[in-house]
Amino acid sequence: MSENLVIVESPAKGKTIQKYLGNGFEVLASYGHVRDLIPKEGAVDTENGYAMRYEIIDRNQKHVDAIARALKKADNLYLATDPDREGEAISWHLYELLKERGALEGKNVQRVVFHEITKRAVQEAIENPRELATDLVDAQQARRALDYLVGFNLSPLLWRKIKPSLSAGRVQSPALRLIVEREDEIERFVRQEYWTMTAQNAKDEQAFTARLHTLDSHKLDQFDINNEARASEVRERLLKAANGKLLVSKVDKKQRKRYPAPPFTTSTLQQEAVRKLRFSTQRAMRVAQQLYEGIDLGSGPIGLITYMRTDSVTLANEAIGELRGLIEQRYGQDKLPETPNFYKTKSKNAQEAHEAVRPTSAFRTPEQVKSHLNEEQFKLYELIWKRTVACQMVFATLDTVSADLTAEAGSFFRASGSTIRDPGFLLVYEEGQDDRASEKESTLPLLVEGDSVTLQDIAAEQHFTEPPPRYSEASLVKTLEEFGIGRPSTYASIISTLLAREYVELESRRFTPTDIGRIVTRFLTEHFTQYVDYDFTANLENELDEISRGEKEWVPVMDAFWQPFHKLVDDKMESVNRSDVLQSREIGIDPASGKPVSVRLGRFGPMVQIGTKDDEEKPVFAGLRPGMKLDTVTLEEALELFKLPRQLGETEDGKAISTNIGRFGAYVKFGDQFASLKKEDDPHTITLDRALELIAEKKIKDAEKILVDFGNGIQILKGRWGPYINKVIKRVKLQIRLPKDREPDSMTLEECEALIAVAAEAKSAKKGAKKAKEAAAKPDGEATADAADKPKAAKVAKPKAAPKKAPAKKPAAKKPAAKKATATKTTAPKKSAS
């Protein structure tokens with residue numbers, strides 16, 4: 001019997017902590033969140049103090065049951081979930097669930113927090129427990145309620161006014177707006193020409209360059225030389241005036257100090273992992289979680305880094321002392337500053353004071369642990385270790401030289417260069433940069449005022465201004481943090497949602513908005529301006545921070561948001577026309593029919609249309625090709641789309657071959673069968689020979705898929721989730737998994753027909769209710785099915801098969817008649833249960 005039960009969020013972390021606590025302690029995992037709002041309207045009761053209706057998350061029911069059983073044998077319950085608002089809320093949810101069951105009677109319940117999983121930190125936390133923090137819980141609950149109310153009210157509006165399965169979010173939508181506005185800026189950008197003049201020089205057999213800085217006593221601006229004629233005139237004039245020599249008229253020497261970057265926060269860790277390791281933000285956080293929870297270094301799991309969700313750049317005194325010891329030992333006394341380097345948190349939304357992300361021991365070098373880590377774990381640990389060590393080292397000292405080289409009175413070139421006198425922290429680490437080339441340091445020969453250098457030539461180079469770069473994951477994270485939008489710990493999930501919703505695409509590691517992303521953003525920006533405004537979103541985040549610090553009550557904050565918001569939603573539901581939102585754009589007249597040609601968003605994506613719904617004949621449609629955009633497609637490009645389907649020829653057995661684009665992409669049709677085009681194939685240019693190759697591949701693949709063919713359209717096929725029966729009835733495809741104890745070759749035609757009959761009846765009965773169920777499933781409109789095309793098993797008696805005696809089974813656990821939803825006010829216990 002364990003007197004003490006400790007609850008953490010993940011089993012990996014639990015194993016590490018169990019090792020540190022030893023006998024008398026049992027450590028169990030909640031496996032993340034234990035309950036959430038019911039996925040229905042009314043989960044947040046806006047009429048009654050925003051009381052929230054919760055239910056246990058299905059997948060975690062068994063873990064809550066295990067915790068309740070273990071608690072019967074324990075005297076003390078330690079809630080040791082993560083040290084942030086979300087972790088506090090998970091502890092509170094578990095407390096509430098156990099209290100409802102009566103499992104806390106006579107138990108001592110305490111909250112413990114540690115920011116690193118080391119023996120010292122874990123034992124200190126157990127020795128210094130506290131109560132649940134009501135303010136942190138309130139802040140997290142307010143955040144969850146806000147996100148629910150925005151999603152559950154805006155998403156249905158998007159479904160009705162644009163298309164199904166869209167979503168909007170309190171933070172997601174402003175993030176999308178950033179990407180869309182940057183794309184608009186790029187499209188509006190007008191290139192401007194400018195020229196640079198670079199002197200190619202030599203002195204003491206060392207070549208170097210200098211840029212024209214001043215012409216006719218005027219410091220050159222970027223566009224002062226903006227055409228070839230002017231550039232040629234200036235070049236010829238200066239070459240003639242210099243006559244092969246430039247005079248060193250001024251030399252300026254300085255020393256420059258460069259200071260190390262602060263240790264990592266969640267945001268800067270994500271940015272550097274994207275820049276330097278080419279990780280996604282989601283991948284960076286997943287690997288960091290593994291390093292935090294513990295890696296087995298041979299004698300059991302050890303947490304290698306501190307908690308990775310933090311806004312703080314502070315380091316514990318103990319950690320600074322260890323870092324200084326390592327720097328002196330490894331790099332020398334001269335690389336150690338006289339006093340430690342201290343950093344201040346710049347984030348205006350900084351949460352409760354945590355440490356920065358750092359190694360739990362600086363003396364645990366990357367080389368020492370490399371053999372115990374996989375490749376991505378090692379790369380991220382090395383990055384964190386180097387950044388942390390460098391932040392406590394001396395600054396780098398650079399010698400800079402700037403020399404003016406005169407060609408004629410009032411006109412000179414300037415050469416600049418630098419050398420590293422003392423690398424300081426650069427021995428270990430240099431911070432990456434976004435959207436600009438890293439500075440290349442050039443070395444100049446010894447230049448003395450009054451000397452002359454050889455002018456070999458003057459290069460006149462044409463340039464054009466560049467539009468602002470699209471956002472990368474790193475620069476988007478940085479911008480979101482600068483605006484104060486969202487929390488760094490949520491950025492990875494925001495980015496994954498934008499990609500999953502197909503609001504944006506990631507091309508060459510840069511975000512490009514899709515047509516649907518732009519339409520959603522323009523709709524929200526026009527009709528819900530305040531709620532996608534960057535300052536409004538950041539101010540709301542500040543209010544959540546104030547709630548977490550006990551400076552504001554959460555219900556008034558909710559009221560101030562909800563009252564005007566829901567009135568606006570109701571108004572827009574009635575006043576906005578779908579046709580206005582879809583932004584149909586007429587681009588010309590079809591010369592063949594004389595009818596208008598327009599582009600708009602259709603049910604299955606962006607499309608071009610000839611004619612209108614008011615014409616006697618129905619309009620004709622064609623989907624846009626990849627790369628085409630609603631805002632930029634021309635009449636000529638649009639008319640090309642109507643050349644589909646293209647007739648290519650015939651197969652050897654006389655079946656007509658054509659190519660077209662359908663709901664699920666481009667394809668080749670032969671007879672009544674189809675073969676999908678590959679990514680590199682274009683239906684507008686594909687040849688007959690290539691189409692025949694795809695048809696041959698399709699036939700081979702189909703033949704390998706057939707396990708049993710009964711004729712009459714009934715087959716047993718090999719599927720992704722195992723063998724299944726396939727039958728098409730009245731254009732409806734039925735796919736039924738085989739019973740678990742049956743092999744394909746043991747099935748009879750009669751058994752298959754019986755399973756098909758049951759499946760057809762069930763499908764017909766469910767058809768009417770399916771759409772309503774999916775619409776209510778989630779506030780953001782996401783379908784809840786694991787896979788729409790996954791064959792479903794039918795439970796029927798097997799015809800002509802002798803009944804087998806079922807093996808003895810253990811009595812099933814008693815299930816509740818219905819899942820219990822609880823209405824809960826978000827107040828944490830003021831005192832620990834006793």
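**Entry 1: a pair of strands and their sheet**

I started with strands β20 (residues 596–602) and β21 (residues 605–610), which pair in the antiparallel sense over 6 bridges. Strands here are DSSP runs of E with at least two residues, helices are runs of H or I with at least four residues, and both are numbered from the N terminus. Two strands count as paired if DSSP finds at least two bridges between them. I then checked V599, and its bridge partner in β21 is V608.

A reminder to myself: strands of a sheet pair through backbone hydrogen bonds, either parallel or antiparallel.

Next I looked up the order of the open sheet, and its 4 strands run β19-β20-β21-β22 with antiparallel pairing. At the edges stand β19 (585–589) and β22 (620–623); each has a single partner strand, so one side of each is left without a neighbour in the sheet. Neighbouring strands of this sheet are turned by 30° against each other on average, direction ignored. For such angles, axes are lines fitted to C-alpha atoms (for helices over the stretch in contact), and angles run from 0 to 180 degrees between N-to-C directions.

**Entry 2: ground rules**

I noted that this is a predicted model, where local features need pLDDT of at least 70 and side-chain atom pairs count only at pLDDT 80 or more, while totals for chains, interfaces and linings use all residues. Residues are numbered from 1 along each chain as its sequence is written, and side-chain values use heavy atoms, with hydrogens and water left out.

**Entry 3: another sheet, with a helix on it**

I moved on to an open sheet of 4 strands in the order β23-β24-β25-β26, again with antiparallel pairing. Its edge strands, β23 (646–650) and β26 (673–676), each pair on one side only. Within the sheet, 6 bridges join β24 (residues 656–662) to β25 (residues 665–670). I found I657 opposite F670 in β25. Helix α20 (residues 688–705) packs on this sheet and touches β23, β24, β25 and β26; contact means heavy atoms within 4.5 Å. The direction of α20 makes about 85° with that of β25.

**Entry 4: D184**

Is D184 buried or exposed? D184 is buried, because its relative accessible area is 18% and buried means under 20% (exposed is over 50%, partly exposed in between; 1.4 Å probe, protein chains only). I placed D184 in helix α6 (residues 172–188). Leaving aside neighbours within four places in sequence, D184 is in contact with R518 and R522.

**Entry 5: the whole protein**
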